[in-house]
Amino acid sequence: MKDLIYTPYGFRDYLFEDSQQRMEVRGRIHAVFERYGYRDIQTPVVEYLEVFDKERGSISPLDMYKFVDRDGEMLALRPDMTPALARLASLYFQDEDLPCRVTATGSTFRYNSRYSAKQRELSQTGIEFFGDESFYSDAEVLAVAIEALKATGLTDFKIAVGHARITATVLELLRGTDQERQELVSCLHSKNFAAMEQKVEEMALSRPLRELMEILADSGDIQLIHRGRVLCETEGEAELASYFTRLEEVHQLLSAYGLDAYLVYDLSMTAELGYYTGIVFKGYAYGSGDYIVDGGRYDDLLKQFQKDWPAVGFGIYQDSLMTALKKQEVVLPRPNFLLAACDRAGAAQMIPWIQRWRERGIRILFKPCVKTLDHVASYGRNHQCSRGLFFKDGLLIGMDLDTEREMEFESFAAAQDFVSAMGEGETR
Amino acid sequence: MKYLTFALTKGRLANKTLELLEQVGIRCEEMYTDTRKLVFTDEQMGVKFFLAKATDVPTYVEYGAADIGVVGKDVLMEEKKDLFEVLDLGFGRCRMAVAGFPSGRELLDMRGDFKVATKYPEIARHYFLTRHQQPEILKLNGSIELAPIVGLSDVIVDIVETGSTLKENGLMVLDEICPISARMVVNKASMKIELERIQKLTRAVSTILKQKERETRA
């Protein structure tokens, strides 16, 4: 028989501090989303399998938790929020509701997940912006992503920006066998410059195409995008040039937001989710080897739900984000409690006062039938209390659990200031 | 300044890597002094180095415990980690090959069932799949040549440098899978966060490598 006190592989418990910090971070991110007018929605954890169809570009069916319900329907635990949110939007929104901004938070489930020590349940929080195809929405969504990360206290991070169509379009320009192109793509993705140069030589590419390949493989600031745009324009590649122009337009708006310093460009960035059609981006932070933000534009995804609406959005992977916050030594506040303890006889007298204080927002943990002040101190420290109030034999004693300083109060009313101080210094 | 951390493969590859890095001006004095340390730091250069078992290097880099790693292509192919493979460093050259007794060649071309011993089950599996074969693959951890000699397997998949060990035991290379050499790999997040430092480094190393190649050709 299995030991039932353990969680299944890939799933984990979060104890007080971890759990509190996750709530705190989620709250800060959510506040930013609201500041930009994104409204909450929730979708079920279970959806029809087809919602995440691989051909429409979600993740591989092998990596999904899927099962059959009593009626023989194929279902899946959502591996990704976006298709489910797109489904919801298609069901409830009409053309006149557009453009529409939504936010959702929840668990996603994947086998063999790449993220965060291979957890299979991943907490994601993100936004989607439906019904606007302009670069204004691209820029807004990027700005929200950056502001959300800043709000968590993270300082050392970058958003890598690319475009889902650029690499594909360049490949169409190349003469060569499918095999050769495939090899070139894998050089691009692994940023293997030397191998790429060799391939480019073998394929005898023209000078402009070579330069273009170099730009694709490179990473850098907006100058890289300018170079690409100018090159495409001089070569008369209007379609390609328009993609570069789009990135320039987005960048310009991000400068207006005052956030362009967080951007770095990488045109060969692989989008794990195949439904992206325009701008794609990933957030990376010092301290997390994996990306913490994944997003982009997906103008074709809603077609499967009979709506031809453009959309752009992103998700923040909370587990990777927490790793980065820890590594960057971001101190998050945590709630502190007042331990109100009394002896066997004191409860009836103490409870009305506790209730009064609780109403005023003081966090109070009540422990009756306590015999000694030592017990108040040790129990309190173990349960995240910074102060103790002990009512015994009609005597009221307050104790600062950090300093062990004691003081006596004549009445509950006299302890008012001692208790109120909890409200002010509620965190440490 | 934040440190740029290197994970190097213990042994010959590490020495070769240090030589190469010295040529681009990265040197960690500590590496040549205190041998008991596990992590070597050079404050002035802002770099840290540590040595790890080859198969662990990709893991350190994937998780970002090291920004940069140097490891053989064989390990990268086997471990299939998500990282940037930015440079072929040109040293540590050898071949991934199928080897066995001369009689093994017939076996290889047959559709029948046979056994393969290897340290690289993923590479072996992939190679035989491209040949539409699904032999039984046995994972061993060392002295792979022993397997066909004592009859554990029909053939082996392993790295071959000179082939002299094979020859001494009556074995030979039956087919070459691919050439192998040392690669520089970079963590995907580091590539974004430390873009300038890493780019500067890879460009400098790349220049040196090209120079060397020109010299050997001339």
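1. Let's start with confidence, since this is a predicted model. Among the elements of chain A, helix H3 (residues 135-151) of chain A has the highest mean pLDDT, at 98, while helix H13 (residues 416-424) of chain A has the lowest, at 79. Taken as a whole, chain A averages a pLDDT of 90, and 95% of its residues score at least 70.

2. What does Ala145(A) touch, leaving aside residues up to four places away in sequence? The list is Ile159(A), Gly283(A), Val293(A), Gly295(A) and Phe314(A).

3. As background, nonpolar side chains tend to be buried together in soluble globular proteins.

4. Now over to chain B, which is divided into domain 1 (4-92 + 181-217) and domain 2 (94-179). The centres of domain 1 of chain B and domain 2 of chain B, taken over C-alpha atoms, are 30 Å apart.

5. How many residues make the contact between these two domains of chain B? Domain 1 of chain B puts in five, and domain 2 of chain B puts in six. On the domain 1 side, you'll find three charged residues, one polar and one nonpolar.

Methods: Residues numbered from 1 in each chain as written. Chains lettered and ligands numbered in written order. Predicted model: local features only at pLDDT ≥ 70, side-chain atom pairs only at ≥ 80, totals over all residues. pLDDT = per-residue confidence, 0-100. Helix = DSSP H or I, 4+ residues; strand = E, 2+ residues; numbered from the N terminus. Domains from an automatic or database assignment. Contact = placed C-beta atoms within 7 Å. Nonpolar A, V, L, I, M, F, W, Y, C, P; charged D, E, K, R; others polar.
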